[in-house]
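Please keep the sequence and the coordinates at hand while reading.

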Amino acid sequence: MGKKSLMLQQLNGKLLSFAILSGTAIPPSGWIKAIRNTLGMSMQQLANKLSISKQAVLDIEKREADGSITIKSLRELGRVLDMELVYGFVPKDGSLEAMIEKKANELATKIVLRTSNTMKLEDQGNSKERIEKAISERTEEIKKEMPKILWD
């Protein structure tokens, strides 16, 4: 097993652990306010824990709600709330392997069809089955090589 393949497997395993969370709805008021309210903690109490003003807590809650809060701020809030910030990415295709497969197939299709069209112009067209086989073979080659153009 190559180094790239091992790295892919290891990272994919880590990312897949987040997949179960991808459907979790964020509370309308944001996590910070929802947690604070659920714990029965006032803004002033949270402000005291963070050594900031009550207005600064309100600003933080607004920044979280509009998506402009920093990871550093979230970590600090987690610390004072005795929680841990966990963040990650979940591949939309289900896994990194599936994402690579999809991109490799798209690139292979583009390459093979371009060649096939050229051959048709020269009256040397291929059958549909031969084109599909060529796309499949090229997809496997691209997946093994993982050229940088895969992400263009």
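Axes are lines fitted to C-alpha atoms, for helices over the stretch in contact, and angles run from 0 to 180 degrees between N-to-C directions. Helices (H or I, at least four residues) are DSSP runs, numbered from the N terminus. This is a predicted model, in which local features need pLDDT of at least 70 and side-chain atom pairs count only at pLDDT 80 or more, while totals for chains, interfaces and linings use all residues. Residues are numbered from 1 along each chain as its sequence is written, and side-chain values use heavy atoms, with hydrogens and water left out.

With their axes 8 Å apart, α3 and α4 pack at an angle of about 95°. α3 is therefore roughly perpendicular to α4, a term that covers angles of 65 to 115 degrees. In this contact (heavy atoms within 4.5 Å), α3 contributes Met43, Gln44, Leu46, Ala47 and Leu50, and α4 contributes Lys54, Val57, Leu58, Ile60 and Glu61.

The largest nonpolar core has 12 residues, among them Ile32, Met41, Leu46, Ile60, Ile69 and Leu77. Such a core is a set of buried Ala, Val, Leu, Ile, Met, Phe, Trp, Tyr and Cys residues joined through side-chain atoms within 4.5 Å; buried means under 20% relative accessible area, and exposed over 50% (1.4 Å probe, protein chains only). Two or more residues of this core come from each of α3 (43-50), α4 (54-66) and α5 (71-80), and α3 gives the most, with 4 residues. Leu77 touches Ile32, Leu46, Leu50, Ile60 and Ile69, not counting residues up to four places away in sequence.

Leu77 also belongs to the buried side of α5, where Leu77, Gly78 and Val80 are buried. These residues cover an arc of only 165° around the axis, so they lie on the same side of α5; the arc is that of the directions from the helix axis to the C-beta atoms. The buried residues of α5 pack against α2 (31-39), α3 and α4. The exposed residues Lys72 and Arg79 are carried by the face turned away from the buried side of α5. Just after α5, Asp82 takes a positive phi of about 60°.

Ala108 lies in helix α6 (residues 96-121) and is buried, with a relative accessible area of 0%. Not counting residues up to four places away in sequence, Ala108 touches Ile135, Arg138, Thr139 and Ile142. Ala108 and Gly30 are 78 residues apart in sequence and 43 Å apart in space, C-alpha to C-alpha.

Terms used. Parallel < 35°, antiparallel > 145°, perpendicular 65-115°, else oblique.
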